[in-house]
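With the model open in your viewer, follow the stops below in order, making each selection before reading on.

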Amino acid sequence: MTSTLDNTTSEPSESLVDASLLKEIARKALVDSLNSVNGAKTLVLDASLAGPLGLVTEVSLLKHHGVDKMFWLEPGALSSTTTNIVYLCRPLIKYVKIIADHVKRHAKESRKHTYTLLLVPRVSTLVAQILEEEGVLGDITISSYNLQFIPLADDVISLEYDNAFKDLWVDGDETAIYDSAQALIMFQKLYGLFPRVVGKGDAAARLVTLLTRETPKHSNSSSPDTLLTPSEKIDSLIVLDRRVDMITPFLTQLTYEGLIDELIGIKNSHVEVPASLLAPPAPPTANSSAAGPSTLPPSSNVPVSNLKKDAKKKHHLTASTDPLYQELRDLNFSSVGRRLNMVARRLDEDYKTNLQSKTVAQLRDFVGKLGGLQTEHQSLRLHTGLSELLVPLTRTEQFNKSLEIQQNLLASYEVSAQITAIEEMVAEGADMHIIVRLLCIASITAGGIKAKTLENIKREILQSYGYNYLPLLLSLASPPLGLLVPNPLPTTAPPKYPFLPLRKSLRLLIDDTPEGMDEVENDISFTYSGYAPVSIRLVQCVAQKGGVISNPAEKAANDADAKRAPQGQLQAHPIVGWKGFEDVLASIPGETIDIVQKGTTGRPGAISSLREQ
């Protein structure tokens with residue numbers, strides 16, 4: 001989900017949506033659900049919910065509301081010292097059967113408990129049916145915990161559905177679309193109707209249909225006022241089906257945050273880092289400061305080999321409490337070292353200056369600043385350590401060969417040679433996930449891989465990595481996914497993705513020239529060293545057309561009104577839908593959505609469709 005701010009507001013900061021409100025709603029809903037069970041209780045938790053819950057609440061809050069002990073929801077015996085047992089999980093068959101087994105075991109052992117099942121985000125009739133078949137439905141009270149959007153940052157919210165893509169495109173389960181629509185309806189209840197809804201893709205169209213179908217067409221006492229009038233804080237909702245841009249997820253992210261996710265792993269905004277990087281730094285002394293900036297790179301006295309062996313600890317990566325992370329997260333990794341060195345030198349100078357304080361007033365000022373300096377020092381230590389872990393991984397032959405193949409495929413340069421290079425990586429035993437990603441990029445960008453070549457590669461993969469990967473290869477090749485297909489395409493395959501026309505019309509590739517590289521710094525293509533994701537370009541088609549048509553930096557420099565905006569800064573404009581890019585949208589498979597929601601202030605039947613094809 002993407003929302004853009006009204007560019008006509010005189011004070012843009014006032015129009016920002018407060019994402020923390022969503023966190024408060026999620027916390028209150030959890031507290032209310034727990035309080036519905038009187039007395040001390042044992043909480044049995046679906047492990048996949050631990051991360052999302054950690055973003056909206058703390059263990060101390062759970063204990064304050066009667067949770068005595070917590071266990072993971074897993075097969076086997078469950079021992080509880082409390083009468084009340086509360087299960088909190090997603091409505092999956094495997095979890096329901098584990099719960100039924102617990103109830104039966106306790107009955108055999110003559111242990112009496114009161115069972116409550118909280119399903120996330122809503123009650124499912126399938127769950128009740130399975131519990132009835134297992135003979136334990138009468139022993140369990142079924143309710144729901146409506147966990148919806150979770151704020152990951154001030155401007156990022158997520159449902160944190162790990163398997164949404166697989167559920168939708170492999171298993172044919174559209175639950176994620178319905179749940180997304182319900183979450184967006186709740187969002188509209190808070191902030192008002194999305195004045196305009198634009199989107200692309202069949203799944204996006206189904207979501208928008210659910211969203212607008214449940215919007216009240218006429219004023220009535222049961223409808224919140226916010227669902228009757230367009231929002232004054234949000235000017236549009238852009239819904240993109242993942243299928244409109246399947247290339248980007250297979251590419252290697254090259255920003256600092258992206259590489260942490262690629263090579264270390266970020267899950268629910270948390271990353272596992274060596275515990276030593278989270279330990280408080282040693283306080284500086286006058287002698288150590290006098291030694292100069294070389295003493296300050298915080299993890300320089302902890303060798304990388306030791307960091308790798310160190311015990312791991314989860315750390316919440318958030319810009320709200322870590323300003324340095326805010327600076328680094330979107331930088332291309334090649335620029336991170338320079339930025340860390342600048343911060344280290346500045347901190348060193350601050351320590352030097354303050355340690356030379358002589359008067360009581362100066363010392364008092366230093367003590368007041370010390371906490372902030374130590375926090376910044378700790379942040380610098382963490383990010384320097386993370387960078388030192390990433391550097392060796394980015395210098396491996398496998399990483400650089402993969403990156404080279406990706407860039408060549410995006411430029412359609414000697415595609416056959418790139419396929420051969422992928423085969424060589426299979427023979428070398430490269431990481432299986434990298435092999436599959438490269439093959440999918442080749443298939444999408446080239447409109448398929450020669451049938452004989454593709455079959456040979458699949459055979460080599462199964463013989464080298466094991467036949468347990470056969471279901472994966474079959475899913476990637478089968479409709480409706482159809483990502484790894486032969487050329488020419490079989491009649492059952494989805495329509496060919498128009499990569500070559502889109503590469504030109506949406507300016508996906510920036511020229512590998514000095515002028516082009518200057519442009520990358522002012523364009524979203526810096527995230528992939530010269531390639532702009534299709535999905536971002538589509539958002540720009542709606543909100544920042546200048547970024548698609550030409551380099552915004554050049555445009556600002558040549559514009560007579562450039563003095564009104566900083567050079568190179570990309571400016572948003574009023575939302576007018578897909579106007580000007582109709583032909584581009586028509587070439588991409590899937591429905592095109594452009595809807596205006598006027599609320600009940602307009603004519604009856606307040607939702608008017610401008611264009612839907």
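Begin by selecting Asn84, which is buried, with a relative accessible area of 12% (buried means under 20% relative accessible area, computed with a 1.4 Å probe on protein chains only). This is a predicted model, in which local features need pLDDT of at least 70 and side-chain atom pairs count only at pLDDT 80 or more, while totals for chains, interfaces and linings use all residues. Residues are numbered from 1 along each chain as its sequence is written, and side-chain values use heavy atoms, with hydrogens and water left out.

Asn84 lies in strand β4, residues 84–89 (strands are DSSP runs of E with at least two residues, helices runs of H or I with at least four, numbered from the N terminus). Setting aside neighbours within four places in sequence, the contacts of Asn84 include Val37, Lys41 and Thr114 (contact means heavy atoms within 4.5 Å).

Now move to the largest nonpolar core, of 84 residues, where Ile435, Ile461, Leu506 and Tyr531 touch the most other members (such a core is a set of buried Ala, Val, Leu, Ile, Met, Phe, Trp, Tyr and Cys residues joined through side-chain atoms within 4.5 Å). Helix α17, residues 432–446, gives the most to this core, with 10 residues.

Finally, colour by pLDDT, the predictor's confidence in each residue from 0 to 100: the protein chain has a mean of 84, and 81% of its residues reach 70 or more. Over residues 552–558, however, pLDDT stays under 50.

Conventions
Buried means under 20% relative accessible area, exposed over 50%, partly exposed in between (1.4 Å probe, protein chains only).
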